[in-house]
Amino acid sequence: MTQPLVVIGGGGFGRETLDVAEAINRSRPGTFDIRGVVDDAPSERIRALLEHRGVPWLGSVRAWLASSDDALYVVGIGNPSVRRSVVDLVDAAGRRAATLIHPRAGIGSVVTIGAGSVVCSGVEVSTNVSIGRHVHLNPSATVGHDTVIADLVSVNPGAIVSGDVLIEREVLIGAGAVVLQGLSIGARALVGASACVTRSVATGATVKGVPAR
Ligand SMILES: CC(C)(COP(=O)(O)OP(=O)(O)OC[C@H]1O[C@@H](n2cnc3c(N)ncnc32)[C@H](O)[C@@H]1OP(=O)(O)O)[C@@H](O)C(=O)NCCC(=O)NCCS
């Protein structure tokens, strides 16, 4: 059955999220009826880019929530704390989230992926992995065996999360970073691009460099 879908956020990751939904439709025709993008204040450039690809701008989040649209939603906003505030608003209104997994992502056995999550092209998820709600796995990120990723985490392009890692909610793992096996990353921490994380990271901390400090 075709599911109506809106993407919230027309920025870079929002439009990449549209790419994932369109790739799913090419692979399994009729999966989603992509209604458009909801965004509180899209710039002229973003509106032009959406128009160019034939995707309507549907207005602000509150305008969409006030409408009778029954579409599933996915939030394509890369920043975890901004994403959380939008998810809280939309969930409180009783809207349901879709899960988008690109057909060229590799998903192993015994993997759970929560509603609202977006898994991009080239991602590899190993075995026995738990991925929460509204998680973004950007292109070519990898997630190792027995790892747990909580809600609202962003793993940026090319990052490598090793096995047996625990990533708590709203963490951002920068592009190309490596998290070594068995470590924990505390809630809302930031791991810089290209960092190599060799020790567990405290809640809310920012670490960068090799080794990450
Ligand atoms: C690490 C990070 C979170 C720090 O952000 P910030 O606190 O705003 O840092 P600033 O830009 O103010 O830079 C502070 C210092 O850290 C350095 N720095 C910034 N990012 C760094 C990184 N990833 N690795 C090493 N050093 C870094 C800066 O050069 C600067 O050094 P200086 O004080 O000697 O001039 C951020 O730079 C980062 O890497 N975020 C991930 C971004 C990402 O993944 N982008 C891809 C999106 S698809």
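**View 1. The largest pocket of the predicted model holds about 200 Å³ of space.** A pocket is an open set of points, on a 1 Å grid over the protein atoms alone, with protein on both sides within 12 Å along at least five of seven lines, and its lining residues have an atom within 4 Å of a point. Grid points are joined across faces, edges and corners, and the volume is the space filled by probe spheres set on the points; the probe is 1.4 Å. The lining has 15 residues, and those closest to the centre of the pocket are Asp39, Asp40, Val61, Ile77 and Val86. At least two lining residues come from each of helix 3 (61–66) and helix 4 (80–92). Helices (H or I, at least four residues) and strands (E, at least two) are DSSP runs, numbered from the N terminus. By class, the lining comprises 7 nonpolar, 5 polar and 3 charged residues. Here Ala, Val, Leu, Ile, Met, Phe, Trp, Tyr, Cys and Pro count as nonpolar, Asp, Glu, Lys and Arg as charged, and the others, Gly among them, as polar.

**View 2. The ligand is surrounded by Asn156, Pro157, Gly174, Ala175, Leu190, Gly192, Ala193 and Lys208.** For polar contacts, the pair of N or O atoms must be within 3.5 Å. Asn156 places a polar side-chain atom 2.9 Å from an oxygen atom of the ligand. Polar backbone atoms also take part: one of Ala175 is 2.8 Å from a ligand oxygen atom, and one of Ala193 is 2.9 Å from a ligand oxygen atom. On its own the ligand has 920 Å² of accessible area, of which the protein covers 35%; areas come from the Shrake-Rupley method with a 1.4 Å probe.

**View 3. Six strands, paired in parallel, form an open sheet in the order 5-8-11-14-17-20.** Two strands pair if DSSP finds at least two bridges between them. Strand 5 (106–107) and strand 20 (196–197) are at the edges with a single partner strand each, so one side of each has no neighbour in the sheet. Strand 17 (residues 178–179) runs parallel to strand 20 and is joined to it by 2 bridges. Val179 has Val197 of strand 20 as its bridge partner.

**View 4. Another open sheet has 7 strands in the order 4-7-10-13-16-19-21, with parallel pairing.** Its edges are strand 4 (100–101) and strand 21 (206–207); each has a single partner strand, so one side of each is left without a neighbour in the sheet. Strand 10 (residues 136–137) and strand 13 (residues 154–155) run parallel, joined by 2 bridges. Opposite Leu137 stands Val155 in strand 13.

**View 5. Val210 and Pro211 are joined by a cis peptide bond.** Omega is about -10 degrees. Pro211 lies in the segment that follows strand 21.

**View 6. Asp164, a residue other than glycine, has a positive phi, near 60 degrees.** Asp164 is in the loop between strand 14 (160–161) and strand 15 (166–167).

**Notes.** Residues are numbered from 1 along each chain as its sequence is written, and side-chain values use heavy atoms, with hydrogens and water left out. The model is predicted: local features need pLDDT of at least 70, side-chain atom pairs count only at pLDDT 80 or more, and totals for chains, interfaces and linings use all residues.

Notes: A residue is near a molecule or strand if one of its heavy atoms lies within 4 Å of it. A polar contact is a pair of N or O atoms within 3.5 Å; within protein, one must be able to donate a hydrogen and the other to accept it, and residues adjacent in sequence count only if both atoms are side-chain atoms.
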